[in-house]
Amino acid sequence: TLRKPISQSSMADWASKNLNMHTQGIFRRRISISNMLSWNGGSIKKPMLITSNRTIKKEACEMFKLVQSYMGDRQTRMDRNHVALVTVTKCWSMQGLRDELYIQLIRQTTDNTCYRSLAWGWELMAISLAFFSPSPKFQSYLEGYIYRHLDSDENIAQRIKELVDLKNKKNSKSRKKRKQNTEDEGLPISTYAKYCYRKLQKVAVTGGKKGLRKPTVEEITHARNAIMTPSLFGSSLEEIMLRQQDMYPGNKLPWVQTQLSQQVLALGGEQTEGIFRIPGDIDEVNALKLQVDQWRIPSGLSDPNIPASLLKLWYRELEEPVIPQQFYKECISNYENPDAAVAVVQLLPELNRLVLCYLIHFLQIFAQPSNVGRTKMDVNNLAMVMAPNCLRCQSDDPRIIFENTRKEMSFLRMLIVHLDTSFIKGLV
């Protein structure tokens, strides 16, 4: 469910306080806020947002050219993948540029009379949200802008027509050229907006790309493809099963869940000290995530902590947790009662029940005394590291969160010890 973001008047108030007002002409007249936030075919001589950082001031003007190049409004020798890579890497490396990029994209996708340019601007916004979030100060403004475009396709087409007609009256020679610019190319803008809205909600909580390795062309391509083909990470269980129907029609469990679990065991994870507690190298995990999203498991893996970390991430990033929200209270109410805890599992929707039972069966392997001696991860430790990936407390009260964390761990421990998962053997 999408919450309604800040109002138009609040957005205007934010802009008046934070925009670095530009001037024009020999008398240096200030450009109005509406013009500051409308598509511009020229260059800019200072950042869009107020800043005292000299490096940011210089980089912001160069970045505006990159945005124009990606959108096809400025000629460049680089291909669009490379333009996106340079832009994203600048912002990923320099936190102060991130809000500047998003406000530049807002400007260039406002009152833009070329549909292709407009779509590419939204595409670059979607790609950027895969790598970094805006600052908390700017997030609500960006959220408000995206929200206004969730169902705006007819309005956009009408607005383009009005702007084109206005320009044609001023310059009749441009009629032919402008006419071709209004032709629809690519996806509807609402498709980009819906994707960006969901991505913004997620990246604001989880943060962007982690690790020390800079973004790669492969990651840029993957981020672009995700607009149309949702990732196996961050989707709902139903969406994931629908996506794998063509490739694995007989599977009753998500391919990503079974494959990563089998990889952990194939690499000797049940004999690895600190498994699930010690994180795998973040850059290696990112690289594996890219492969898995393309339905591939590389053969060169050697560290079981890599697939183990990615498996935890997959559970944690599910759109709705494995144990759906409506069962949360029942779980934490029965954290000391084995029979009641097992009974909750039987109430879950069939897909959620199978996915949870597969996870518990997997954890029961690690809970065997012969493995605990090696991993130093007994049933309490396993429940502690896995409970946050299966249950999500909705409260904002730190005391309730703290109290419920203990109950969540205890509930999962009950399942690991008492749930009969023998039926899951051989199920894929």
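**Figure 1. Contacts of S69 in the predicted model.** Leaving aside neighbours within four places in sequence, S69 makes contact with R74, Q75, T76 and V83, as seen in this predicted model. The residue S69 itself has its place in helix α3. With a relative accessible area of 10%, S69 counts as buried, because that value falls under the 20% limit.

**Figure 2. A patch of positive charge on the surface.** Four residues, R30, K46, R54 and K57, gather on the surface in a patch of positive charge. Of these residues, K46 belongs to the loop that lies between α2 (33-36) and α3 (54-70). The relative accessible area of K46 is 31%, so that K46 is classed as partly exposed, a class that lies between the limits of 20% and 50%.

**Figure 3. The chain as the setting for the close-up views.** The chain has 21 helices and 2 strands, and its C-alpha trace spans about 80 × 45 × 40 Å along the principal axes. Among the contacts between residues at least 6 apart in sequence, 78% join residues that are at least 24 apart.

**Figure 4. Placement of charge in the chain.** The patch formed by R30, K46, R54 and K57 on the surface is one of positive charge.

Methods
Residues are numbered from 1 along each chain as its sequence is written. This is a predicted model: local features need pLDDT of at least 70, side-chain atom pairs count only at pLDDT 80 or more; totals for chains, interfaces and linings use all residues. Side-chain values use heavy atoms; hydrogens and water are left out. Patches are made of residues with over 30% relative accessible area and no salt bridge: like charges are joined within 9 Å, nonpolar side chains (Val, Leu, Ile, Met, Phe, Trp, Tyr) within 5 Å. Accessible areas come from the Shrake-Rupley method with a 1.4 Å probe; for residues, only the protein chains shown count as cover. A salt bridge is a side-chain nitrogen of Lys or Arg within 4 Å of a carboxyl oxygen of Asp or Glu. Lys and Arg count as positive and Asp and Glu as negative; His and the chain ends are not counted. The place of a charge is taken as NZ of Lys, CZ of Arg, CG of Asp or CD of Glu. Helices (H or I, at least four residues) and strands (E, at least two) are DSSP runs, numbered from the N terminus. Buried means under 20% relative accessible area, exposed over 50%, partly exposed in between (1.4 Å probe, protein chains only). Contact means heavy atoms within 4.5 Å.
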